[in-house]
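Please find below a note on the structure, written for a reader who is new to this kind of model.

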Amino acid sequence: AGAAKLGPTIQALLDGRNDLKPATKTVRGQVLKDLVAHFGEGRDVRTINAGHGDDFKQFLVGCGLATSTICKRLQVVRGLFNSMRRRKLVEENPFEGVRQAATGIKDRQRFISREETARVLEACPSHDWRAIVALSRFGGLRCPSEVLSLRWEDVNWETGRMIVRSPKTEHLPDKASRVVPLFPELREVLMECFELAEPGDVYVVDERFRKAAMGPGGWINCNLRTTFLKIIARAGLKPWPRSFHNLRASRETELVEKYPIQVVTQWLGNSPDVALRHYLMVTEKHFAAAASDTGASEKAAHNPAQSGSAGGRNGPHADSPEMKNPANCGAFQGSATYCDNPNIYRIAGGGFEPPTSGL
């Protein structure tokens, strides 16, 4: 019956989400900081209306955040206030209609070609880094979580498959792991790592990378991106946005050209909808292939040469037996051919439809 203060209420809602991982709670804690910064920690949640929701959106815009970040934070806020509404703490959700389109995704996409990948692999300082790049680009694994979680016991050389454990989706039904083909490009790099592995090594990539990425709350930034940008520069390439994500997206773009999308998304651990919105790209090779495809133009040029266009009706053949014998004029009433007598088969003025009783 009393006032529900904004800060403590949201903190209690986040603490009660046992289905969220610690790292996810940490990210959503940033939303709490934004709300407290704008409204104040002791603000009564019942006094926040729809207009205040619009003001909060402009507050996020003024912070210089990316549109995708604003979209995600507003989504989290809507969820939090929906929880308050179900608990009767507020009568309505003031953020229900407050949204921000997540634009700019296509601008951050970049297809990494095989030639570029070869140069990056050559510039890698160690076999561990070659494994990181190859698993991301040719295996389509998420980096760092899936790449650094791959164990040697998960690699089956005989069947040409490997089990990929996914920390990101392990809390979802049937999403803790998936089976991925041991693609030929990937096998070569992993074989090198296997030959250089020390006795007793558990993980494909040196475990020191994994230890650096693991914190008390789960996966944290292991600073792979800083070193990877140096490797890209050493390869003589211009760094691209979303360094590891675009490696994974490039692989998915390649695979959908050879295999059905439901197969590819099963291998990479996402959905066709997510793949279409965030992964699949149009490449220069697509334009080049379309411009050089002469099959359609050849077909268009070939078809008219086969036969001319048909007229409105089939004309009578002067040398046919039917036309030579007038007695046969009524033999083909269902065809479009008619005899020379214009009075035969003449349509009445009423047209095709039968007359109605009212007319």
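The points below take up the sheet, the backbone, the loops and the charged side chains in turn.

1. The structure is a predicted model.

2. Three strands make up an open sheet, in the order β1-β2-β3, and their pairing is antiparallel. The edges are formed by β1, residues 155-156, and β3, residues 177-181, each of which pairs on one side only.

3. The pairing of β1 with β2. Strand β2 covers residues 161-165 and pairs with β1 through two bridges in the antiparallel sense. Across this pairing, asparagine 156 is placed opposite arginine 161 of β2. The two strands form a hairpin, with four residues lying between them. Within that turn, glycine 160 has a positive phi of about 70°.

4. The pairing of β2 with β3. These two strands also run antiparallel, and five bridges join them.

5. Which residues of β2 belong to the covered face, and which to the uncovered one? Met162 and Val164 make up the covered face, while Arg161, Ile163 and Arg165 make up the uncovered face.

6. A cis peptide bond. Cysteine 143 and proline 144 are joined by a cis peptide bond, with omega at about 15°. Proline 144 belongs to the loop between α6 (127-137) and β1.

7. Positive phi outside glycine. Aspartate 174 is not a glycine, yet its phi is positive, at about 60°. This aspartate 174 is located in the loop between β2 and β3. Is aspartate 174 buried or exposed? Its relative accessibility is 78%, so aspartate 174 counts as exposed. Arginine 242, likewise not a glycine, has a positive phi of about 50°. Arginine 242 sits in the loop between α9 (224-234) and α10 (243-255), and its relative accessible area of 25% makes it partly exposed.

8. Arginine 43 and alanine 4. Arginine 43 is part of the loop between α2 (22-39) and α3 (50-62). With a relative accessible area of 25%, arginine 43 is partly exposed. Although arginine 43 and alanine 4 are 39 residues apart along the chain, 8.0 Å separates their C-alpha atoms.

9. Salt bridges in general. Side chains of opposite charge can pair when their charged atoms come close. How many salt bridges does the structure hold? The number is 17, and the next points describe some of them.

10. Two individual pairs. Aspartate 19 and arginine 17 form a salt bridge through their side chains, at 2.8 Å from N to O. Aspartate 19 is partly exposed, at 46% relative accessible area, and arginine 17 is partly exposed as well, at 31%. A further salt bridge links arginine 110 to glutamate 116, with the closest N and O atoms 2.4 Å apart. Arginine 110 is partly exposed, with a relative accessible area of 29%. Glutamate 116 has a relative accessibility of 15%, and therefore counts as buried, the cut-off for this class being under 20%.

11. Arginine 165 and glutamate 153 meet through their side chains in a salt bridge, at 3.7 Å from N to O. Arginine 165 belongs to strand β2 and glutamate 153 to the loop between α6 and β1, so this pair ties together parts that are twelve residues apart in sequence. Arginine 165 is partly exposed, at 32% relative accessible area, whereas glutamate 153 is exposed, at 60%.

12. A network of charges. Salt bridges also link Arg114, Arg137, Glu185, Arg251 and Glu254 in a network. The reader may wish to find these five residues on the model.

Methods:
Residues numbered from 1 in each chain as written. Predicted model: local features only at pLDDT ≥ 70, side-chain atom pairs only at ≥ 80, totals over all residues. Heavy atoms only, no water. Pairing = 2+ DSSP bridges. Buried < 20%, exposed > 50% of the residue type's maximum accessible area, 1.4 Å probe, protein only. Salt bridge = Lys/Arg side-chain N within 4 Å of Asp/Glu carboxyl O.
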